[in-house]
Amino acid sequence: MIPEAILVAILVIVFIADFATAGRDRRSWLNPLVCVLMAALTVVCVLPHEPVTAFGEMYVTSQAVNVMKAILAGGSLVVCIMSRQWITGDRNCRQEAEFYMLVVSTLLGMFIMMSSGHFLMFYLGLEMASIPMACLVAFDRYRNNSAEGAAKYILTASFSSGVMLFGLSFLYANCGTLYFSDMPETLKATPLVVTGLAFFFSGLGFKISLVPFHFWTADTYEGAPTVVTGYLSVVSKGAAAFTLMTILFKVFPALSDQWHYLLYVVIVLSITVANLFAIRQKDLKRFMAFSSISQAGYIMLALVGEPVLGSAALSFYVLVYVAANLAVFAVISVVEQNNGGTTNMDAYNGFYTTNPKLSFLMTLALFSLAGIPPFAGMFSKFFVFMAAVSGHTFDNTMGVLAYIVMFVALVNTVVSLYYYLLIVKAMYIKKTDSPLPTFRSDVNTRLALALCTLGILAFGVVSCIYQWIYSAAL
């Protein structure tokens, strides 16, 4: 449990540092300290580890889990880097340490959730990630939208947790155990078990923002601070998607037909509905909310194929998605801070004429999200599509449905390209008499953008990265 132990150590260090320097308005060393510690955590997660268990096999880890932990730790590191300019503002400087502690607390819950071998451990990790996340959404106490978004998030999270626990009680009634390794022997496609599976899936569907469990997403993303929105859209979503994949493959192989049908419906709805609603958005954060719902549908494609390819494709997709999405939110954040807090898409009209570098980096990130070659997003979508059809043929209904779902996803890729190009059109083509002023972003934002851009350009063409993820999934 080295990654979890490091996160606990970071919590203690930040708490003591905050307590020891109480009363000081500016602590310029706190952000670099947290970033160094998070970088150390990322390196530790990247290092190879032997599969181990703890707490009577309630905690189970593997190389594939450690790879996902490294991806999420790297994403959290980028969030901490890009948060400095916002968090040290006049209104928020006294809560800087609390922000980092909340981020680390949610990450600790996600790590426990992904390494769980027992539904009780899974649920504890889920709640440990959810409750501090609501605090992060409501972190900007000077904005009513922030409190509204947090209220919608915590109420929906509470309801989804209740539904999930109700489903787990059905599974426990059938199996008499909550250990992942013991449940497949007794699980059969009875009405009780299928109902329990549907309720469990609904609970995690909320975390991943899948349709029809997505209604909280746009309001929460719009109300939360932009840095928190970026963290919520990539790190939380990636952890929940990986956990859902692990549990479906480990616990419910006997019910694969049932959850495959469920996934097909959810994937088609998520991609299609989110794309149609994204076209209508004028606020950039709400736009990215529906974009993230669509991306979640593409991530779920990895679950309908062969387990090893699916695990590798999902992890690689999350890695690329972290780089591209955080780059977009870094630009949104720095523009928001230099333009009176606006996130309206019309504010980006003529953005290229005053800030060509930021416009160019934003374009690269949007092209990667759309899956345009040669950026990493194209390779991640290719691997997901390849995983979705692996093991399927036209000889049976399930195989035909898999190809139909993949075709719908491909068609929706064209739609997503259209609405991503709306932002590019606003920056490069639309004219305005009052474009955004020319400004220079802070050092931390430039560093975060550099890391994300490097990932967008390198992850797709440097083959050893996918090979590392695939080898861990074997």
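Let me start with helix H3, residues 63–82, in this predicted model. All of H3 is under cover: 20 of the 20 residues are buried, so the helix is largely enclosed by the rest of the structure. On length, H3 has 20 residues and reaches 29 Å from its first C-alpha to its last.

Leu326 has a relative accessible area of 1%, so it counts as buried, the cut-off being under 20%. What is Leu326 in contact with, once its neighbours within four places in sequence are left aside? The list is Gly75, Val78, Val79, Met82, Gly230, Tyr231, Val234, Tyr321 and Cys452. By contrast, take Val194, 132 residues away from Leu326 along the chain. The C-alpha atoms of Leu326 and Val194 are separated by 37 Å.

Now to helix pairs. Two packed helices are described by the angle between their axes and the distance between the axes.

The crossing of H5 and H10 is left-handed. From H5, the contact is made by Phe99, Val103, Thr106, Leu107, Met110, Met113 and Met114. From H10, the residues are Val227, Val228, Tyr231, Val235, Ser236, Ala239, Ala240, Phe242 and Thr243. How do the residues of this contact divide into nonpolar, polar and charged? There are 13 nonpolar, 3 polar and no charged. Note Tyr231 of H10, part of the contact with H5; Tyr231 is also among the residues in contact with Leu326.

The next pair is H12, residues 284–300, and H13, residues 307–338. Here the axes come within 12 Å and cross at roughly 175 degrees. With over 145 degrees counted as roughly antiparallel, H12 is therefore roughly antiparallel to H13. H12 supplies Leu284, Lys285, Met288, Ser292, Gln295, Tyr298 and Ile299 to the contact. H13 supplies Leu314, Tyr317, Val318, Tyr321, Asn325, Val328, Phe329 and Ile332. That contact divides into 11 nonpolar residues, 3 polar and 1 charged. Tyr321 of H13 takes part in the contact with H12, and Tyr321 is in contact with Leu326 as well.

H12 and H13 come up again with helix H15, residues 356–370. H15 has 15 residues and reaches 21 Å from its first C-alpha to its last, close to the 21 Å expected. H15 is mostly covered, with 11 of its 15 residues buried. Those buried residues are Leu358, Ser359, Leu361, Met362, Thr363, Leu364, Ala365, Leu366, Ser368, Leu369 and Ala370. Which helices do the buried residues of H15 pack against? They pack against H12, H13, H14 (351–354), H16, H17 (397–428) and H18 (443–458).

After H15 comes Gly371, with a positive phi near 85 degrees. The loop between H15 and H16 (376–389) also holds Pro374. Pro373 and Pro374 are joined by a cis peptide bond, with omega about 5 degrees.

H8, residues 191–208, has 18 residues, which should span 26 Å at 1.5 Å a residue; the end C-alpha atoms are 25 Å apart, which agrees. Buried residues in H8 include Val193, Gly196, Leu197, Phe200 and Phe201. The run from Ser202 through Gly203, Leu204, Gly205, Phe206 and Lys207 to Ile208 is buried too.

H8 is followed by Ser209, in the loop between H8 and H9. Ser209 has a positive phi, near 65 degrees, in a residue other than glycine. At 1% relative accessibility, Ser209 counts as buried. Pro212 is found in that loop between H8 and H9 (217–223), and the peptide bond from Val211 to Pro212 is cis, with omega near 10 degrees.

Last, Glu57, in the loop between strand S1 (52–54) and strand S2 (59–61). Glu57 is not a glycine, yet its phi is positive, about 70 degrees. Is Glu57 buried or partly exposed? Its relative accessible area is 42%, so Glu57 is partly exposed.

Conventions. Residues are numbered from 1 along each chain as its sequence is written. This is a predicted model: local features need pLDDT of at least 70, side-chain atom pairs count only at pLDDT 80 or more; totals for chains, interfaces and linings use all residues. Side-chain values use heavy atoms; hydrogens and water are left out. A crossing is left-handed if the near helix is turned anticlockwise from the far one by less than a right angle, and right-handed if clockwise. Helices (H or I, at least four residues) and strands (E, at least two) are DSSP runs, numbered from the N terminus. Contact means heavy atoms within 4.5 Å. Ala, Val, Leu, Ile, Met, Phe, Trp, Tyr, Cys and Pro count as nonpolar, Asp, Glu, Lys and Arg as charged, and the others, Gly among them, as polar. The expected span of a helix is 1.5 Å times one less than its number of residues. Buried means under 20% relative accessible area, exposed over 50%, partly exposed in between (1.4 Å probe, protein chains only). Axes are lines fitted to C-alpha atoms, for helices over the stretch in contact, and angles run from 0 to 180 degrees between N-to-C directions. Angles under 35 degrees count as roughly parallel, over 145 as roughly antiparallel, 65 to 115 as roughly perpendicular and the rest as oblique.
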